[in-house]
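Here's a quick briefing to go with the model you have open. Grab a viewer and follow along, topic by topic.

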Amino acid sequence: MLQVPGAYPDRVTESADNAAAAALRELPGARVVVFDRELRLILSAGHVPEQAATVDAGSPGAGAFVGDAFASSLWKLIEPLFRSALDGETRSREILSPDESRSLMVDVGPLRLDGQAGDGVGAAGVACGVAVILDVTERRAADGVARPSDGQFEQVFERAPIGTGLMSLEGRWTLVNRALCEITGYTTEELIGRRFAEITHPEDAESDAEQHSQLLAGTIPAFQIEKRYFNAAGETLSAILSISLVRDANAAPLHFIAQLQDISERKRMEDHLRHLADHDPLTGLRNRRLFEHDLRLQVARSQRYGEHAAVMMVDLDEFKSINDLHGHKVGDDTLKAIATALTRRLRETDLVARLGGDEFAVLLPHSDVRGSALVADGLVRVIAACAIDLGDIVVHPSGSVGVAMIDELTESAEQVLVAADRAMYTAKRAKLAAAAV
């Protein structure tokens, strides 16, 4: 099971482990390893043939040094890749297994879990790293890639497992191999003469403009960047693009050599792990970690620009009795129903989170006192309208809501949460007093 002490609840880590296993069922002969900034093992999932001898039979558990999961001779070769990932770099290397019987493709890159862009440069926001070790022995044998001799280079280019092509200085494909066609879904005829920019995601179209200029100027020999593209079916794929420049005898530019490695599966796993880190596994709402992050940003905007906003603490009344009388499944169903009701009642710009247990929180940007009071009354009503049908009985939960305003005088996110919590308990006590009359 995936475990990150102090970062993820057990159900989140269990879901991540299940998600990794499901993804790896489609990647036979591969192993995924996730590791933290201290090179401690977070997750090891998947399978590579025993002949590769990459992972010992007694593989260490979460928290162990990640190097202990590999044969020492292999770890010496791949350790620099793992450390580079923690600096924000994505690197790939094909190596032989320790007994030289298998060919392994090792792809290692950063994993950002704080809502930061996964294709950023540098170590900022890198929470941990992810490595994919793929056994490519059979593919190498099938492709017939051997040490090239005279007359074989064209065949090697065509059968290379990495998408490779030549581009004119205007950015049009002049030569492509089979792997590049498989990655993009286009035929050779469809790619030749087409501008590479035509299949590039518009948000990433200019992301390597500076590197291109440096390459043409001769200040760098090559560069590598992560970009998104559209395949022939119109689907988005993520890939690592490597570009170098061929020059003539007088150093004048002739054409570009481009290599494309599809990392879409790894990106999907990153996105899923990021979602698990920031969301409650039961309700799918934001968790406390992400909500407090969003709240700190709102407080900063209010302090700087004078924005007005509101925070609400929502607590269910006598929720423990629902669990005690009807069981935890009914309790879970109640929490999920309330999460859905709160989300439907709020605006798309409002943020709702489950902080834990039966406690929810709501952030209302651009809200005044009157507007937030109306929303609070509405939330109390939608909670009361939730009905959990047990067949012979219907459970009707109720909740109490406390509100605290955010403006330029708000000192901190912690202060406003405490104020909203106190307001919620004041509302709860008033409700109990009214029921006793």
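**The overall picture**

The chain has 13 helices and 16 strands. Keep in mind that this is a predicted model. Of the 437 residues in the chain, buried ones make up 44%. If you look at contacts with a separation of 6 or more, 55% of them come from residues 24 or more positions apart.

**Helix α9 against helix α13**

- Helix α9 (residues 288–305) packs on helix α13 (residues 413–436) at an angle of about 110°, and their axes are 9 Å apart.
- The 65 to 115 degree range counts as roughly perpendicular, so α9 and α13 are roughly perpendicular to each other.
- On the α9 side, the contact is made by F291, E292, L295, R296 and V299, while α13 brings in A413, V416 and L417.
- Sort the residues of this α9–α13 contact by type and you get 6 nonpolar, 2 charged and no polar.

**Helix α10 against helix α11**

- Helix α10 (residues 319–326) and helix α11 (residues 328–345) have their axes 7 Å apart and pack at an angle of about 140°.
- Angles over 145 degrees would count as roughly antiparallel, but α10 and α11 are oblique to each other.
- From α10, the contact takes in F319, I322, N323 and H326; from α11, the residues are H328, V330, G331, T334 and L335.
- The split by type for the contact of α10 with α11 is 4 nonpolar, 5 polar and no charged.

**Aromatic rings**

- The count of aromatic pairs comes to 7.
- One of them is F65 with W75: the ring centres sit 5.7 Å apart and the planes are at 85°, so this pair is edge-to-face.
- The F65–W75 pair links distant parts of the chain, 10 residues apart: F65 is in the loop between β2 (41–46) and α2 (72–86), and W75 is in helix α2.
- Are the two partners buried or exposed? F65 counts as partly exposed because its relative accessibility is 34%, whereas W75 is buried, with a relative accessible area of 8%.
- Zoom out a bit and you'll find F35, F65, F70, W75 and F82 linked by ring pairs into a cluster.

**A buried lysine: K267**

- K267 has its place in helix α8 (residues 264–278).
- Its relative accessibility is 11%, and the cut-off for buried is under 20%, so K267 counts as buried.
- Which side chain does K267 join in a polar contact? The partner is E226, and the side chains of K267 and E226 are joined by a polar contact of 2.9 Å.

**An arginine in a loop: R347**

- R347 lies in the loop between α11 and β12 (351–356).
- With a relative accessibility of 41%, R347 counts as partly exposed.
- Leaving aside neighbours within four places in sequence, R347 is in contact with L364, P365 and H366.
- For L364, 17 residues from R347 along the chain, the C-alpha separation from R347 is 8.6 Å.
- As for P365, the side chain of R347 reaches its backbone oxygen at 2.9 Å.

Terms used. Residues numbered from 1 in each chain as written. Predicted model: local features only at pLDDT ≥ 70, side-chain atom pairs only at ≥ 80, totals over all residues. Heavy atoms only, no water. Axes fitted to C-alpha atoms, helices over the stretch in contact; angles between N-to-C directions. Helix = DSSP H or I, 4+ residues; strand = E, 2+ residues; numbered from the N terminus. Parallel < 35°, antiparallel > 145°, perpendicular 65-115°, else oblique. Contact = heavy atoms within 4.5 Å. Nonpolar A, V, L, I, M, F, W, Y, C, P; charged D, E, K, R; others polar. Buried < 20%, exposed > 50% of the residue type's maximum accessible area, 1.4 Å probe, protein only. Polar contact = N/O pair within 3.5 Å; in protein donor to acceptor, adjacent residues only side chain to side chain. Phe/Tyr/Trp six-rings, centres within 6.5 Å; stacked < 30°, edge-to-face > 60°.
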